[in-house]
Amino acid sequence: MDFNARMSHQFRSQANGNNGGRGKQQQNDADAFMRLPDREVVGCISDIGVPFALEDLQKPNPQQIQKVFEWFAELLMNATRETVEPAMRAAAEDICGEYIEVVPADTRNLMGFYVSLRRLLVECGVTDFTYSDLLKPTHERLARIFSYIINFVRFRESQTATIDEYFNKAESTKARIETLYLENQDMEARLDEMKRKRKGMEALAKEKTERNEQLKARLLELKRGQEHISERSERAKNEKGRLTGQLEEKTEKCLSIRQECEKLRPYVLQSPAALQSNLTELSENLSKDRSRIDVLEKRTRALQTSTDTFGIVFNDVISCTKVLEEVSNELQKEDEENLKATRRRDALSERGNNVREVERHEAMLQRQLKRWLERTDAVRNSNKEKTDAAKTKMEELRGVHRRLTEERAEKGREMERRRVRIEQTEKKMADLKENIELEIHAAHDEYLKMDSHIKLYITEMEQSM
């Protein structure tokens, strides 16, 4: 009973130890395909220019390990703690405000660098990278992570030509797109400026045209007024000459009649009857002459009024003439403005042609941009297809790796089970051997005891006989 209890206790202890060993062995087998020897890892890190020894990997220092990780991130992603510092400082200012110094700058930058580094390691195949791998690194974790990174760098170096080719194409396309975009912006700015100037010139030309039309209408009206006034002035002058001649003629007739009256006066005094008849005749003639004189005086006054009016009209005509001269000067200036407007219109039409040329060039650039964008999309789609194919192939390789790893793990578990069975069998055989040896020793002791008893018994019998 004691032997069986001791055996069962030993078997349970050994089984627990074997289970732990199998779990650890399974975890190691999962990374066996990517795991590199420690010396190879140290050699690769030293070859890239970072001083690193085997003791640094076996007994890692957090500061040195952070520098190595930072070098890898700068090589593959161009990301360091300095590149993430502005974004992390801005985020800290938004979150902490005036208490930004609560989180130290080094810790803040290291956290931001950890995010970029974790994204890189996910692409490398390490999905369980944690913040403790930067602060408290261990040998097993570092060897596994560095192995994945070195394998990724080797794969990247093997595809350097393809990567550089597509990267250069993408950069050239990007530079061409930026150049075309800047040229398009410049052309649009020039086009807007020309349109704005064209609108200003059109408004100015329209204003000048309206002013020109108004001045032309005013000039025609003044010309018609001048012609009308000239006709009235000519008629007034003719009427004045005619009335002046009639007045002179009537005056001469009046003087001649008075002279005749003076001559006939002696004859009138001789005969009262004849005098009376002559007087009556003379009274009638005088009345007629007075009426004619009144008419002539009225006409003279009318002529004087007309003369005054003609003077005023003449002054108006002179002022109108001056106005006409000013209008002629304005018309001359307007003609000059029209010439300038014509030249500006020609310049505007030329600029319109330039604008159309710019629009045509812009349309051509738009078509070229569209073609480049289509080419870029085609290249992007091709890269995406190639990337998908590479990912598919990588998934297939990972599937094969998992299958091989599972088969290896299954074989390892089978070997472990067989080894355990062999060890159990050997242990049982050893225990049986020990038990048999104990039984043999016990039987030998019993035999010796029995032999001694028999010999003693024989001796006693011999003595009694």
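Glu-414 and Arg-418 form a salt bridge, with their closest N and O atoms 3.5 Å apart; the term covers a side-chain nitrogen of Lys or Arg within 4 Å of a carboxyl oxygen of Asp or Glu. The two residues lie four apart in helix 10, so about one helical turn separates them. Glu-414 is partly exposed at 27% relative accessible area, whereas Arg-418 is exposed at 52%. Here buried means under 20% relative accessible area, exposed over 50%, and partly exposed in between (1.4 Å probe, protein chains only). Through shared partners, salt bridges join Glu-410, Arg-413, Glu-414, Arg-417 and Arg-418 into one network.

A word on the model: it is predicted, so to speak of a local feature takes a pLDDT of at least 70, and side-chain atom pairs count only at pLDDT 80 or more, while totals for chains, interfaces and linings use all residues. Residues are numbered from 1 along each chain as its sequence is written, and side-chain values use heavy atoms, with hydrogens and water left out.

The count of salt bridges comes to 18, among them these:

| Pair | N to O distance |
|---|---|
| Glu-414 and Arg-418 | 3.5 Å |
| Glu-410 and Arg-417 | 3.7 Å |
| Glu-357 and Arg-360 | 2.1 Å |

Glu-357 and Arg-360 are three residues apart in helix 10, about one helical turn. Both are partly exposed: Glu-357 has a relative accessible area of 39% and Arg-360 one of 45%. Glu-410 is likewise partly exposed at 38%, as is Arg-417 at 33%.

Turning to the fold, the protein has 10 helices and zero strands; these are DSSP runs numbered from the N terminus (helices H or I, at least four residues; strands E, at least two). Of its 465 residues, 21% count as buried.

There is one cavity of 30 Å³ or more, lined by Leu-180, Tyr-181, Asn-184, Leu-365, Gln-366 and Leu-369. Helix 9 (160-270) and helix 10 (272-464) each give two or more residues to this lining. A cavity is a set of points on a 1 Å grid over the protein atoms alone where a 1.4 Å probe fits but cannot get out, and lining residues have an atom within 4 Å of a point. Its volume is the space filled by probe spheres set on the points, which are joined across faces, edges and corners.

Finally, Met-450, Ile-454, Tyr-457, Ile-458 and Met-461 make a nonpolar surface patch of about 470 Å². Such patches take residues with over 30% relative accessible area and no salt bridge, nonpolar side chains being joined within 5 Å. Met-450 sits in helix 10 and is partly exposed at 46%.

Key
1 Å grid on protein atoms, 1.4 Å probe; cavity = no way out; pocket = protein on both sides within 12 Å on 5 of 7 lines; lining within 4 Å. Patch = residues over 30% accessible without salt bridge, like charges linked within 9 Å, V, L, I, M, F, W, Y side chains within 5 Å. Areas by Shrake-Rupley, 256 points an atom, 1.4 Å probe, with all protein chains shown as cover.
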